[in-house]
Amino acid sequence: MNTRITFGLNNVSNHACDAVVRFVRRKELEASNAAVWAHPQVDDALRSYYAKSIFKALPGDTQIIPTLGLAGASHAIFTGLEESPLSADQLRDAGAAAAKAVERLRAEDVEIKIPEDIVTGAAGCDARQAAQAITEGFLLALHRRLPHRRDTEHRHEVQAVSIIPEKDDLPDIVQIGEAWMAGIQRGIRFAQAVGYARDLKNRPGNSLTPEGLAEEAERLANRLDLECEVIDEWSAAEQGMGGLLSVGQGSANPPRMIILQYRGAPEQEEVWGLIGKGITFDTGGISLKKSEGMEKMISDMGGAAAVLGAMQLIGTLRPSVNVVAVIAAAENMPSDRAYKPGDVITTLSGRTIEIVNTDAEGRVVLADGLTVAIQRGATKLVDVATLTGAVSIALGDYMTAAVSNDEKLQHQVIQAGRQAGERIWPMPADTYYRHQLQSDAADLKNSGGRLAGVITGGLFIGTFAEEKPWVHLDISGTAWLFKDRGCEPKGATGVMVRTLAELLLEG
C-alpha cells in the first residue's frame, strides 16, 4: 500500500484531481434549502437520481457523476451516510464504499471532503477515531489479492488522497488537524498490517511451507528489531514437542516452531502470549477432507498471519508492553509416515493425547505452542486459529467465537474487537463440556465429536494454559470470505490483526 494520505485545511473546491468524494445523508437530499456538494448542476443531478431511487443515500450506496469541467475534479463520488451518531464501524464502511467507487473510476488523485460534525467529533467518534476508521476502510477496501498469472496484472493504486474538512474556519482547527493526522497515520499502519496478513494467507501452499513461514517471521523480526527464534524438527524432537512433530511428520516439508519476542516494558512482569495456528496446508491427514473446497486450506495458517500482522504493528508502534508470539507451523499431509487415528502422542507439557481424528490437528500443534509461550514467560495467553468448521454453523462468517477460562481477559479481548470493528462472541466453557474430551487411552483425546465442537475444541487448547488467563479465538468462519463485504475482500480477510493490536496497544 503506497497511497499517500494527507489532511489539509484548504477546502477550496476547485482542486484539480480525478475524483472528489462527498458523504451525503438522506435528510440533506430531502431538505428544502439546497446544499452544495460539488457544483449546483452536479448537485441537481444527484437530487434527480435520489428522486428516482437510483441513488438512495443508504450506507454503502455510491453515485458517480461526471462534473464535465464544472468543478476541479473530473468526477464527483457521492457516498450514502447515516445520520449522527455514527460509530467507527459506519465510518469505516463509508470509507470502504468510497474506495470501491474510486477503484471503479481508476482514479489516482482523490479528494475526500469530511462533514463538519465528523471533523469535530460531534458525530459520535472523536477526531482521531474518525480519521483512523475512514482511512482503514478506504485502504482495506483497495487491497486485493494479486493472482499468479503468466501476464503480469497491473494492480490499480490510488497515488494520493487529500482529506479536507468541508469548513476550515472551525474553532480549534489546528488541534483537530493534529488529531486527524494522528488518526490517519494509525489507520495507515493498521491497514498495512492487515494487508500483510492477507497477503500471507493468500499465498498458495507450495509457496508458503512451514520453513517459508519461519523465513517470513525472520524477515519481519530483522526489519522491526524483534527477537526471533526458530525451532526446527531436530530441536523440536530433543525438546519433546510431540504435538507439533506428530502433525508435521506426514509431510516432506518439516514443521517449525517460531518465536518472536518484543520487550517494550522490561521492568514489568506481565508478558502477553500470542499463539497462532500455522498449518500452511491442511488435507486432513489420514482423516482426509473431501476434495470440494480443499483449496481454501491455504488459509489454515490464518491464526499465524494474524499474529504476524499484530507483531508488525507492535514492532512499528513500540508500545510499553512485553509480548511473546509463538507460531506452530506444520503441513498436515497423508503419507506412510503420517500420524494415525488411534495413535497416542506425548506433548511438550508431558500430557498425552489420543488421536481420534487427524483433521483436528490445529489444537494438537497449539498444545505445544501454548507450552512454549509459557516457557518463554507469558503470563496471559490469547490463541488464534482457524480451528473448527462448526464455528461457521454457529456464527456464520460474521463473528469470531471465543472460549476462555477468565472472564476479565475475555471481556478485554471482546472490547478490543469492538474497537477494531471485529465482532467476537463468547461461548460457554462449563466443566461439563470437558467430559467429551476424556480418553480411555491417554490424558485426553483430540476431538470431542460433533456436538459443541467449537467449545470442546477451544477447551482442549485451554487444557495447556496451565491455569493462566487464556482466551481462544476461533476464526474459521471469519478468516476467509467468498464475496466482498465492506472493507473485507473475497479471500483472506486478515481478521484479528486489528483486535490483537488494539488489545496490546491499550493493554
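Reader: Before anything else, what makes a residue's features count here?

Author: This is a predicted model, so local features need pLDDT of at least 70 and side-chain atom pairs count only at pLDDT 80 or more, while totals for chains, interfaces and linings use all residues. Residues are numbered from 1 along each chain as its sequence is written, and side-chain values use heavy atoms, with hydrogens and water left out.

Reader: What makes E7 and E15 edge strands?

Author: Start with the sheet: eight strands run in the order E7-E8-E10-E9-E13-E17-E14-E15, as an open sheet with mixed pairing. Strands here are DSSP runs marked E of at least two residues, helices are runs marked H or I of at least four, and both are numbered from the N terminus. Two strands pair if DSSP finds at least two bridges between them. Strand E7 (227–231) and strand E15 (424–426) each have a single partner strand, so one side of each is left without a neighbour in the sheet. From one strand to the next, the twist averages 20°.

Reader: How do you know that E9 and E10 pair?

Author: Ten bridges join E9 to strand E10 (residues 322–332), and the two run parallel. The definition asks for at least two bridges, so E9 and E10 count as a pair. One example is Gly276, whose bridge partner in E10 is Ile327.

Reader: And what makes E2 and E5 a pair in the other sheet?

Author: Four bridges link strand E2 (residues 17–24) with strand E5 (residues 109–114), so this parallel couple passes too. Ala19 has Val110 as its bridge partner in E5. The six-strand sheet is open and mixed, in the order E1-E6-E5-E2-E4-E3. Its edge strands are strand E1 (4–7) and strand E3 (62–66), each pairing on one side only.

Reader: Why is the crossing of H5 and H6 called right-handed?

Author: A crossing is right-handed if the near helix is turned clockwise from the far one by less than a right angle, and left-handed if anticlockwise. H5 passes H6 in a right-handed crossing, so the turn is clockwise. Helix H5 (residues 127–142) packs against H6 at about 35°, with the axes 7 Å apart. The contact residues divide into 14 nonpolar, four polar and four charged.

Reader: What makes a contact residue nonpolar, polar or charged?

Author: Ala, Val, Leu, Ile, Met, Phe, Trp, Tyr, Cys and Pro are nonpolar, Asp, Glu, Lys and Arg are charged, and the others, Gly among them, are polar.

Reader: What about H13 and H16: which way do they cross?

Author: That crossing is right-handed as well. Helix H13 (residues 407–420) and helix H16 (residues 497–506) have axes that come within 8 Å and cross at roughly 115°. Among the residues that meet are Gln412 and Val413 in H13, and Arg498 and Leu503 in H16.

Reader: What makes a residue part of the lining?

Author: An atom within 4 Å of a point. The largest pocket has 34 such residues, with Lys289, Asp359, Thr388, Gly389 and Ala390 nearest its centre. H12 gives the most, with four residues. The lining divides into eleven nonpolar, twelve polar and eleven charged.

How values were computed. Axes are lines fitted to C-alpha atoms, for helices over the stretch in contact, and angles run from 0 to 180 degrees between N-to-C directions. Contact means heavy atoms within 4.5 Å. On a 1 Å grid over the protein atoms alone, a cavity is a set of points where a 1.4 Å probe fits but cannot get out, and a pocket is an open set with protein on both sides within 12 Å along at least five of seven lines; lining residues have an atom within 4 Å of a point.
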